[in-house]
Each structure stands twice: as C-alpha cells, then as structure tokens.
Amino acid sequence: MKGMYISKFAQYLDILEQTSKRLEITEILKNMLKEMEKAETDKGIFLSLGYLRAQFNSLQFNIAEKMMVKILANAFNESEEKINKLYGEEGDLGNVAFKVNPNEKPSKTTILEVHKKLEELATISGTGSQEKKIQKASQILALEDKLTSKFLTRIILSTVRLGFTELTVIDALAKLIFENVTNAPKEKSSTKHNLSAKELKIKIEAKYRIRPDIGTIAKVIKENGLEGIDYISMEVGVPVHAQKAQRLADPQEIIEKLGSVWAEYKFDGTRVQLHLDRSRKMPGLETNQQDLFESRNTLPFVKTFTRNLEETTHQFPDLVEAANKQIDAQSVILDGEAIGYNKKTGDYLPFQETMQRKRKHGIKEAVVETPLKYLIFDILYLNGKTLVDLPLVERRIILDKIIKGNETLEIDYHMETKDVKRLIKFSKEALDRGLEGIMAKKPDSFYEAGARNFTWVKLKKSQEQILGDTIDCVVLGYYFGRGVRANFGIGGFLVGIWDKRDQKYKTITKVGTGLKDEEWEKLKEMVDKVKIKEKTKNADISSKYDCDVWANPEIVVEIAADEISKSSEHSAGFALRFPRLIKFREDKSATDTTTPEEFEQMYRLQKKPIVKIDESLVES
Ligand code: AMP
C-alpha cells in the first residue's frame, strides 16, 4: 500500500475535532497511528498537530487570512467578496473551504504527497513569492475533497486546534505498544515485556524530553515497537527540554529539604542552550543575517535555543563566535543564561534590555551596545556522549575542562554550603547586586530534562513581599471593558495555568490593572492575532468568565498579586487578589506556566510568617 490517503486522515481529524474527552482523543490517535504506514507516521503526526516539521526546526507558511481569501477564491472559482462574506458568517476559513469546495469524492492523494507539496509551498521565497504562493496553495486545495481542504486550509493558516498536544500523542503511542505486545502471538517473545501502558508512557515521555521531535519518535516506535524507544537519543542540533526550578520560601527550608547545596546567582536574562558540533559546518543563514557572522565561512555548526525550544542563533552572533573560540571540544550541548551587561560598570542589565536581542533588526548594533555574558551552569553532552546521568559535581568538572577563559562565555560561579547563615548571606549579596535571587542545586543530582523537581530550587528576592513570587500564566481571552479603557477596545483579560494532569487550562483570575497604555495595545494586538471563535476546547472556564474575545492559549504573561485565595469559581481552585501584569513572557510556552502544584505550594507558603533576613546572622 502506498500510504494513507489524505482524505482518510482528514476524517480522523474530523472525529478528533468533535470530542474534547482526553481518553477518546487518545483512542482515536492510537487508531490513526495504527493505520498509518511506517514511512508516513512522522509527517502524519506533525500535520495532525498543525505543523510540518518538529517545532525546533519549524517551517512556516507565512500565509495570513487575507491571502487565504484570495487562495480560496482562486481555487474554487469564487469571488473574493463571496469568500469574505462567508468568512464573516463562519468565522473560520477552513469552514469556508468546506462550503465552497464542491468536491465530495474522497481524494486519493497520500499524506506523503500532500506533505511534500506543503513543504514546497512553505519554502517559496523571493520576488513574486506572494503570487506564487497563491497559485501553489490554490492548486493544492483544488485537487482535494471538501473535508480535506477544510483541514489543509487550517494547516496552512496554522489554526489547527484539535485540543491535544504532543503529550497526548505519547499516551497514544504507549497504548499502541501496550496493545501490540499484549496481543502479540506467544512465540514472538522478543516483543514481550511486563510494562504497563503508564510505564511505557513515562519511558516515552523521558525520551521526548531529550529529543522533542514527536514525529520522529512516533516513526521510530512504529518501525521498531518497544525497542524503538531505546533508539531515541540526544543529538546536537536538537534542543533538549530544559530543567526547571522548584521554589521554597527561605534558605532554612532549602537546607532542610536539599541538605548541602550548590548556590548560584539567579540572573534575570534569557535561557540559552548552546549546541556545537565541529564536524559540521554552520548551516545556511538567511541573507540578511549573513553579515552578522564575521567568520561565517569558517564557523562550525552552532545553534542556540530558548527554554521554549525555539531557535535563537540569529540573535547571538557574538555567542556563536565566542563558542568557537572558547569551547575546547568536538561537540557539546551547554545550558546557561545569557544576560546583557554594561560595558563601563560591568553591571548586569535588566531583563527587558537583554531581550532587545529578540528584535529581528538591529542585532549588529545590539551586539556592540549591549554585549552579553553567557553564564554556563551545565553541560548535557560532550563528544558524542550524553552526560545527563552524571552528578552535577562531575558535570561541572568536565565543564571546567572544556571552557577556555572567561570572556563572553563564563562558567557560572557557585558556592557550596549546608549552612543556613551562609546561604542567607549569599542570597543577600545577590539582591544587593541587583540580581533576581539565587538558585540552589543538589550537587549529586542528574540533569533532569524538562523536570521541575527539588534538585533545583529558586529563591527570589521577595522575602519582604507578601506573595513571594510572580505567576506565569496564559491569556485565555479579553473583555472590552467600560469607561476610559473601552477606547482601547480592551479593559481586562482572563488568565489561566496549564494543568498537565487533566491536559487543560484552568482559570485563576481576571486582570484589569498594571498595564501601561502601550501594553494594553500590545496585548490586544497579540490576542487579535490568535483569536478564536469559541473558547478553546482544552480549558475549563466557568461561563461567569466568558470573554468578549477568546484567545488561543499562546500568550504567556507574568502576573504579581498580593494574595492567593481558594476559589470555587475559578477552575484552578484558587484565585488571585489584586493581580497585575509584570511582563510578557515571550520566552515561555503556553504549557510552561506555573503548575497547580506550585500554586498549591505558594498558597501554603504565604501562610507562613514572613522570614526577614536577620542581620546578626549575616554578620557572623
Ligand atoms: P523562573 O523563570 O523564575 O522559573 O526561573 C528559572 C529560570 O531562571 C531558568 O529558566 C533560567 O533562565 C534562569 N536562571 C538564572 N540563573 C540561573 C542559574 N544559575 N541556574 C539555573 N537557572 C537560572
């Protein structure tokens, strides 16, 4: 068989769209995986999640709604007026495609054929590319049946939102292996094992954390079954899920919980995972980036990623050059924080200034005006071997050996102690230096990709504040508001946190303060870009909090509040008192919000008497 027809695939997406029940979604995905051919599994899984390739390697269509109106008009011989009118009625161009495409007969193009055409579409560039894209996309859609064109339209627009994530695909893969093994004939002993579906899921998820490429994982498992899991490993160029930190209220609690710790400063810069491989050349750069890299022809392969797994290499030409000079190794993956500093005083700069690097233009100027330090605190991979299963102490010895000098790249300073007084003193020093706080790490701990455990604990500045830490949450929609704000068309917004256990967003508060005028405008603009017709399927939102404009959960914001209280109305079970916006967290993804467990813990911590730093202790 040459593969699954795209029309069959669209039927699967159609039934997935009709349910929001996690178990049903998992079952449908499992059946779809079962029916797919091995060779098409990666592409099929990517498309079902609405993209073409693993996200760290993403390829965008850059086709917006306006252009899609032209594409649909062209593909189905309709006027743009009619398409626009239908769009007004339907609110979704996929549905419009379904309406105007007269073709009922299921198409016989395969997933692989369509995927190839979509890749070609996404890679069209240069002069006249708009027109070429319209032609190409119209051709693709015109050949397909109604249902297929509906989903392809959404894939091209990046609006496939079927309410499941990569983690649900992992559940489905675990189920698939489990059933294959359980149903395997007795004589096939190689497939035998006694792992439950849940244990299989944990195994696959651990691999996903070191290789976040769900398509490849699905394909390898489809090809090799259970054994396939063992073939999935870390690779330079493929970002690893970053380890995250838990929080505790004060140094005393840290020492009680962790024992002896390695304390490091917590810098408020941006997380950078740096990959280098000297056996490969620097990959092709976009023309407008070429002059950023002075010695581009001689540079080895270097890539940087955020903790969100997004590639950021173009932002850091200075880090790329420095990595080449200062790293004495064939291949490495490093973890650290990049932070801007003042050339004259040597002081570190506030987060917003470091983040200037996020702008597409002016990088060259930023490199000169705002030089960076890359403070390296971990090494995950060296010369073909992963190091994550070595204790931190051993990883640091290796790191010390391969980093030369301390110019742009610098190994993060640490202090070892099990003495509360020394930890208090260190934390005070950090605050005096204008830093965010400290990180305490367990010296014998492994690098736990993607995990948030008590092997890394953060302690932020706020001993004196009522609620110790801010909360990262995702925007679920906004309200038009009344009074002066109504002029902006936005007067408040609803936020929630991601609950991994239920795979749902849970609301915690409405926010109506703490934003400057330009921030209100920015937020409205950001939400309008990702607005959806109805509230997202994977959220629990009481009708009391129905928004005027719903957002696809993508925008992460950092919120401060005076207090966390229990709530029967917000689905997270907690609400915030006096919430206010601190900043936009473009470096975080929607499922990377403060977790329900952390929330519970913050609730508990705020009840504790506030610990003041006792100066007499510090002096001793
Ligand atoms: P938070 O964003 O508050 O959850 O804190 C975790 C973040 O602190 C990490 O993702 C890093 O970007 C940052 N960070 C700053 N300094 C360190 C450090 N020494 N060790 C680990 N993470 C650090």
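This is a short walk through the model, from its domains to the boundary of two of them and on to the ligand.

**Before you start.** You are looking at a predicted model, in which local features need pLDDT of at least 70 and side-chain atom pairs count only at pLDDT 80 or more, while totals for chains, interfaces and linings use all residues. Residue numbers run from 1 along each chain as its sequence is written, and side-chain values use heavy atoms, with hydrogens and water left out.

**Stop 1: the domains.** Colour 6-157 as domain 1, 166-231 as domain 2, 244-459 as domain 3 and 471-605 as domain 4. These bounds come from an automatic or database domain assignment.

**Stop 2: where domains 3 and 4 meet.** Keep domain 3 and domain 4 on screen; their C-alpha centres lie 30 Å apart. Here 16 residues of domain 3 are in contact with 15 residues of domain 4, contact being heavy atoms within 4.5 Å. Between them the two domains bury about 1,300 Å², with 41% of that on carbon and sulfur atoms. Buried area is the accessible area (1.4 Å probe) that two parts lose on being put together, summed over both. Now select R247, R307 and N308: they supply 41% of the area that domain 3 buries against domain 4, more than any other three residues.

**Stop 3: charges across the boundary.** How many salt bridges are there between domain 3 and domain 4? There are five, each a side-chain nitrogen of Lys or Arg within 4 Å of a carboxyl oxygen of Asp or Glu. To view a salt bridge, show D268 and K583, whose closest N and O atoms are 3.6 Å apart.

Next, show strand 1 (244-247), helix 16 (351-354) and strand 11 (452-460), which each supply at least two residues of the side of domain 3 that touches domain 4. Helices (H or I, at least four residues) and strands (E, at least two) are DSSP runs, numbered from the N terminus. Strand 1 gives the largest share of that side, four residues.

**Stop 4: the ligand.** Zoom in on K441, where an N or O atom of the side chain is 2.9 Å from a nitrogen atom of the ligand. At F267, look at the backbone instead: a polar atom there is 3.1 Å from a ligand nitrogen. Finish at K588, with a polar side-chain atom 3.5 Å from an oxygen atom of the ligand.

Key. Polar contact = N/O pair within 3.5 Å; in protein donor to acceptor, adjacent residues only side chain to side chain.
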